[in-house]
Amino acid sequence: MVKNGKNGKKDKNKNKDKEKNREVAQLHEPATKSSGDYAKELARLHVELAHLQAWVKKTGARVVIVFEGRDAAGKGGVIKRLTERVSPRVFRVVALPAPTDREKTQIYMQRYIQHLPAAGEVVIFDRSWYNRPGVERVMGFCTEEKARRFLELAPRFEAAMIESGIVLLKFFLDVSEEEQERRFRQRVDDPTRQWKLSPMDVESYRRWWDYTRAYDEMIRMTDTDFAPWWIVPSNDKKRARINCISHILASIPYERVKFPEPEFGKRQKRPNDYVDDTHIRRTVPDVF
């Protein structure tokens, strides 16, 4: 029989660490309602989002929703639940990659302005122009002078958006250090989540307090009466999703639009001269 030796000890220590992380996370995670309550409330909100969509299309409203926050705070989960029952042609998600060499030579806001909504659209920014005072500033991708200049100019840019008739909502998802670490370690252990763990996430884990200072100043300098920041506590993902979607619906003065039920009429009869096609067709094999 082969003895585990050092490898066995490492496995035991690793299991202890995982158990400890779970215990710490439970202390910081508030109690949530049952899965049945969550599903029922989410279904109700999806109906209201469908009514919002109909109103946006009918009235030509323009809505911008900005999602910022800590890495692993659950932005993607909120956006997925927000958009999974509506049309992607109305609710459009914008998640821009790193700027190209050409975009780096443009005015900073230029790459975001082209994605602002036209009439009848809701644009959701999965991270936005606030990359500059956040990740760009902390990681040294822009100078301190450019970051501070952005913080001075951003409220003016947002004021111009609102004056043009755009509804602007800004959300910052926050999560505790312990819960963020638990979620990062989940990504390491789960092959279906490993793609979510980027080198930038690892760096944000190391630089928690650098990001804290940057986000504190960002929120303080760009939190205005006309475009306030709304903080979403996200240690409990399900609660964060319900609270955030509910707030979005409460913040937009939409009205229910009566659905014009179409008349289908009668389906045409099979023509007498129709002959079944004899070409051999490939059918996906049954595996379930």
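1. Let's start with helix α2, residues 35-59. At 1.5 Å a residue, its 25 residues should span 36 Å, and the end C-alpha atoms do sit 36 Å apart, so the two values agree. Bear in mind that this is a predicted model.

2. What is buried along α2? The list runs Tyr38, Leu42, Leu45, His46, Glu48, Leu49, Leu52, Gln53, Trp55 and Val56.

3. Glycine 77 has a relative accessibility of 14%, and since buried means under 20%, it counts as buried. In sequence, glycine 77 and alanine 240 are 163 residues apart, yet C-alpha to C-alpha the separation in space is 9.4 Å.

4. Now for the pair α7 (residues 177-189) and α8 (residues 199-206). Their axes lie 11 Å apart and the helices pack at about 150°. Angles over 145 degrees count as roughly antiparallel, so that is the label for α7 against α8. The crossing of these two helices is left-handed.

5. Which residues make the α7 contact with α8? From α7 come Gln180, Glu181, Phe184, Arg185 and Arg187, and they meet Asp201, Ser204 and Tyr205 of α8. Sorted by class, this contact has four charged, two polar and two nonpolar residues.

Definitions and conventions:
Residues are numbered from 1 along each chain as its sequence is written. This is a predicted model: local features need pLDDT of at least 70, side-chain atom pairs count only at pLDDT 80 or more; totals for chains, interfaces and linings use all residues. Side-chain values use heavy atoms; hydrogens and water are left out. Helices (H or I, at least four residues) and strands (E, at least two) are DSSP runs, numbered from the N terminus. The expected span of a helix is 1.5 Å times one less than its number of residues. Buried means under 20% relative accessible area, exposed over 50%, partly exposed in between (1.4 Å probe, protein chains only). Axes are lines fitted to C-alpha atoms, for helices over the stretch in contact, and angles run from 0 to 180 degrees between N-to-C directions. Angles under 35 degrees count as roughly parallel, over 145 as roughly antiparallel, 65 to 115 as roughly perpendicular and the rest as oblique. A crossing is left-handed if the near helix is turned anticlockwise from the far one by less than a right angle, and right-handed if clockwise. Contact means heavy atoms within 4.5 Å. Ala, Val, Leu, Ile, Met, Phe, Trp, Tyr, Cys and Pro count as nonpolar, Asp, Glu, Lys and Arg as charged, and the others, Gly among them, as polar.
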